[in-house]
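Subject: Structure for you to look over

Dear colleague,

I am passing on the structure we spoke about, and below it you will find my notes on what was found. Please read them with the structure open beside you.

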Amino acid sequence: MSNDTTPALHVSSVSHSYGARQALEGVSLSVGQGAFCGLLGLNGAGKTTLFSLITRLFDNTSGHVRVMGHDVRRAPKLALQNLGVVFQNRTLDPDLSVLQNMTYHAALHGIPRRQARERAVAELERAGLADRVGEAVRSLSGGQMRRVEIARALLHQPKLLLLDEPTVGLDVGARRDIISHVRALVGQGGLSVLWATHLMEEINTDDAVVVLHQGKVIETGTSQEIADRHEVGDLKEAFDAMTGLAKGKAA
Amino acid sequence: MTGAVGQYGAAGYLRCMTGIIWREGLRFLQQRGRFIAALVRPLVWLFIFAAGFRSVLGVSIIEPYETYVLYEVYITPGLVGMIQLFNGMQSSLAMVYDREMGTMRTLLVSPFPRWFLLGSKLLAGTIVSIAQVYVFLAIAWFWEVDPPLGGYLTVFPALVLSGLMLGSLGLLLSSVIRQLENFAGIMNFVIFPMFFMSSALYPLWRMKESSPLLYELCSFNPFTYAVELIRHALYMQLNLQAALVAAGCTFAFMALAVFAYNPSKGLIARRGGPGG
């Protein structure tokens, strides 16, 4: 089903509405294997709805979502096996230890206990948290919790990692730390990342970017390309121009 | 190449289910307050309420009892049902809480089928409730509530069935309830009516004497059948009608809950999902 040219994530013409409210309209985007892609949008742009559809919390009523070539609706089992997710809200169990949280996740992927332990320790080492394995999650800092969540999402070795505003609520240092950690993971090869954010400074000039606004994709390309197309200095200015924020500010 | 370490065959299903049960047990043990509250509630009814009403409420000889029984003995199966009822509703509250905290979402992105994940969660809650029941029955034994020893064994399958029934009702409610505060609503609109309109505290023939309408309502209350199933099983008898009703209700509640959590048909997609 999948080969090296199959995109890790392919979303085509996806629409979704909550009753009368149209949350997404004809959204299409693609994330190549081993690529980092920023999904940029203001709060309420539809990022979380899109994530809900990709993770199959609910289904898309039109269009297709494919993870490593597997349709999320038709082959959810294969699609979800290839998917790791870090949700916007904290989803670790604060009463349990770091390792207990990790092995619970491993069980949700049917990983045998011993192997689960090994994988958990390996991923926590990669996240620089090997010494916190036995500690209660409650005792970790916000940034460390995020790192544990990333380690947990990678435990079953997915091909695609989704992160929904992962730096919300973190201080500048922790935010920088999380970004460079995820970029390093992409650099190690094989992993593709879709990083949703409303913070322009988290996007590099050569990053692929998809701009989502009021439920529609209004721009795609690298950050630099988008800025050039709008004849402005950087992505932020281009974004302000596209979304009408600049006008708002002027007024 | 896909899902390099995940195992999604039969052994994987089993590990997934035991993982969910393990986590539920671990959480329960770590929330001591919940454990104590779960025990104190029925014990207050047994020690105080039942003692006070012992002389007021005479219970004639009815099945499965062979002689006149103390009021404490009569209400024990009802209190066992109450433990499971609270547990089922509390786990539904935990589901709402989990969902809002996102833990539910981590469960639902598991590649295993959703009905299996929800069923495992239900089973986990039932096992926790049965552990509570046995601790309660052990304490009640010192309070002259001493059914035949074999009854402690034969009540087990009844507890599994009643636990699943009340748990699946909770699961169904969890898909409908949106806010954390609504446990008070569950208390008022689910737990109290179900408990009082049942045979937990008084035999239904007494209710019939007071109000035929209430009697009819009690006979439609699934909780009545859970209590009667437990009452008979505790005295090594099978109440087939109660067992069938409990099984039917479990199936119906579970089917509705799976429907409600279904990604394309369910309520989650319709009623306005997350913002952002």
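In chain B of this predicted model, helix 2 (residues 32-53) and helix 5 of chain B have axes that come within 10 Å and cross at roughly 40°, where axes are lines fitted to C-alpha atoms, for helices over the stretch in contact, and angles run from 0 to 180 degrees between N-to-C directions. Helices here (H or I, at least four residues) are DSSP runs, numbered from the N terminus. That angle makes helix 2 of chain B oblique to helix 5 of chain B, given that angles under 35 degrees count as roughly parallel, over 145 as roughly antiparallel, 65 to 115 as roughly perpendicular and the rest as oblique. The crossing of these two helices, helix 2 and helix 5 of chain B, is right-handed, the term for a near helix turned clockwise from the far one by less than a right angle, with anticlockwise being left-handed. From helix 2 of chain B the contact (heavy atoms within 4.5 Å) draws on residues including B:Phe35, B:Leu39 and B:Leu46, and from helix 5 of chain B on residues including B:Val128, B:Val135 and B:Ile139. By class, the residues of this contact between helix 2 and helix 5 of chain B are twelve nonpolar, one polar and one charged, with Ala, Val, Leu, Ile, Met, Phe, Trp, Tyr, Cys and Pro counted as nonpolar, Asp, Glu, Lys and Arg as charged, and the others, Gly among them, as polar.

Helix 1 (residues 10-30) of chain B also meets helix 5 (residues 114-141) of chain B, their axes coming within 9 Å and crossing at roughly 40°. Helix 1 and helix 5 of chain B are therefore oblique to each other, and helix 1 of chain B passes helix 5 of chain B in a right-handed crossing. Their contact has twelve nonpolar, four polar and three charged residues.

Helix 5 of chain B packs against helix 6 (residues 149-176) of chain B at an angle of about 130°, with the axes 8 Å apart, and the two are therefore oblique to each other. Among the residues that meet are B:Leu122, B:Ile130 and B:Trp141 in helix 5 of chain B and B:Phe156, B:Gly163 and B:Leu171 in helix 6 of chain B; this contact has 15 nonpolar, four polar and no charged residues.

Turning to the interface, 44 residues of chain B are in contact with 47 residues of chain A. The area buried between chain B and chain A (accessible area, 1.4 Å probe, that two parts lose on being put together, summed over both) is about 4000 Å², of which carbon and sulfur atoms give 58%. Two salt bridges (a side-chain nitrogen of Lys or Arg within 4 Å of a carboxyl oxygen of Asp or Glu) are found across the interface of chain B and chain A. B:Arg27 forms a salt bridge with A:Asp93, the closest N and O atoms being 3.0 Å apart.

Residues are numbered from 1 along each chain as its sequence is written, and chains are lettered from A and ligands numbered from 1 in the order in which they are written. In this predicted model local features need pLDDT of at least 70, side-chain atom pairs count only at pLDDT 80 or more, and totals for chains, interfaces and linings use all residues, while side-chain values use heavy atoms, with hydrogens and water left out.
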